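Here is a short report on one protein chain. It starts with a pocket, then turns to the fold and the surface.

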Amino acid sequence: MSTAAGVMRISKSRSYWLIGVSFAVFAALFAGFFVSICVGIVHEASLQELHPADAIIVFGAAEYSGRPSPVYRARLDHAFELFQRGIAPVVVTTGGAAADPKFSEGGVGHDYLKRRGIPDSSLIAETQGSDTAESAKRVGVILRANHMSSCVAVSDEYHVFRIRRLLEDERVRVYVAPRPESKPHSLWLRAWAVLREAISYLAWRLHFRAR
């Protein structure tokens with residue numbers, strides 16, 4: 001084997017080694033970043049930041065022919081309790097229409113809270129958001145239009161990590177108050193829920209859409 005061929009083979013081996021090391025380092029850094037997101041999701045799930053704010057934001061869930069689903073109703077009831085405690089003078093409900101265009105999640109939430117006794121003047125419905133990110137963006141517009149800058153966000157426990165960052169991206173000061181006992185009961189389902197939220201958060205950071 002000629003000297004030139006030997007040098008070339010060594011050079012290729014070094015190139016492959018460098019590529020392998022670089023990939024391993026990148027994979028380790030990404031794994032560490034992903035784990036830190038999962039830890040953040042679990043940590044923020046346990047928070048109840050009952051801090052006075054300009055508005056309470058209730059992120060929508062399914063509705064059935066004008067009635068909130070059990071999950072959505074639990075979120076709305078938690079927001080009602082916060083309103084009764086004087087945490088904020090306004091409640092914003094979010095979410096657009098699904099299969100039935102006659103009803104939107106935001107509109108159904110608005111009507112439910114009105115029936116529970118919150119005055120119409122203290123309720124705002126965001127009815128166009130098709131996912132969490134879009135609702136957060138529209139909430140930012142609503143708050144700025146009403147000269148508000150802070151909110152208490154209500155959703156499920158593993159959802160509030162992403163919500164906080166979505167709203168902070170809209171220059172809103174965010175406190176979180178997830179509905180109590182909204183974690184899945186089994187360890188496997190909890191792990192899956194955390195992974196799903198972490199992936200959704202990364203998708204948003206990478207400018208993909210995620211519910």
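## Largest pocket

The largest pocket has a volume of about 490 Å³. Lining it are 26 residues, and Arg 75, Asp 156, His 159, Arg 196 and Glu 197 are the closest to its centre. The lining divides into six nonpolar, 10 polar and 10 charged residues. Helix 6 gives the largest share, four residues. Helix 4 (132–145) also supplies at least two.

A pocket here is an open set of points on a 1 Å grid, where a 1.4 Å probe fits, with protein on both sides within 12 Å along at least five of seven lines; lining residues have an atom within 4 Å of a point.

## Basis and fold

This is a predicted model: local features need pLDDT of at least 70, side-chain atom pairs need 80 or more, and totals for chains, interfaces and linings use all residues. Numbering runs from 1 along each chain as its sequence is written, and side-chain values use heavy atoms, without hydrogens or water.

The chain holds six helices and seven strands (DSSP runs of H or I, at least four residues, and of E, at least two). Their order from the N terminus is α-β-β-β-α-β-α-β-α-β-α-β-α. Of the 211 residues, 46% are buried (under 20% relative accessible area, 1.4 Å probe).

## Nonpolar surface patch

Trp 188, Leu 189, Trp 192, Leu 195 and Ile 199 form a nonpolar surface patch, with about 560 Å² of accessible area together. Patch members have over 30% relative accessible area and no salt bridge, and nonpolar side chains are joined within 5 Å. A salt bridge puts a Lys or Arg side-chain nitrogen within 4 Å of an Asp or Glu carboxyl oxygen.

Leu 189 sits in helix 6 (residues 187–205).

Notes:
Patches are made of residues with over 30% relative accessible area and no salt bridge: like charges are joined within 9 Å, nonpolar side chains (Val, Leu, Ile, Met, Phe, Trp, Tyr) within 5 Å. Accessible areas come from the Shrake-Rupley method with a 1.4 Å probe; for residues, only the protein chains shown count as cover. Grid points are joined across faces, edges and corners, and a volume is the space filled by probe spheres set on the points. Ala, Val, Leu, Ile, Met, Phe, Trp, Tyr, Cys and Pro count as nonpolar, Asp, Glu, Lys and Arg as charged, and the others, Gly among them, as polar. Buried means under 20% relative accessible area, exposed over 50%, partly exposed in between (1.4 Å probe, protein chains only).
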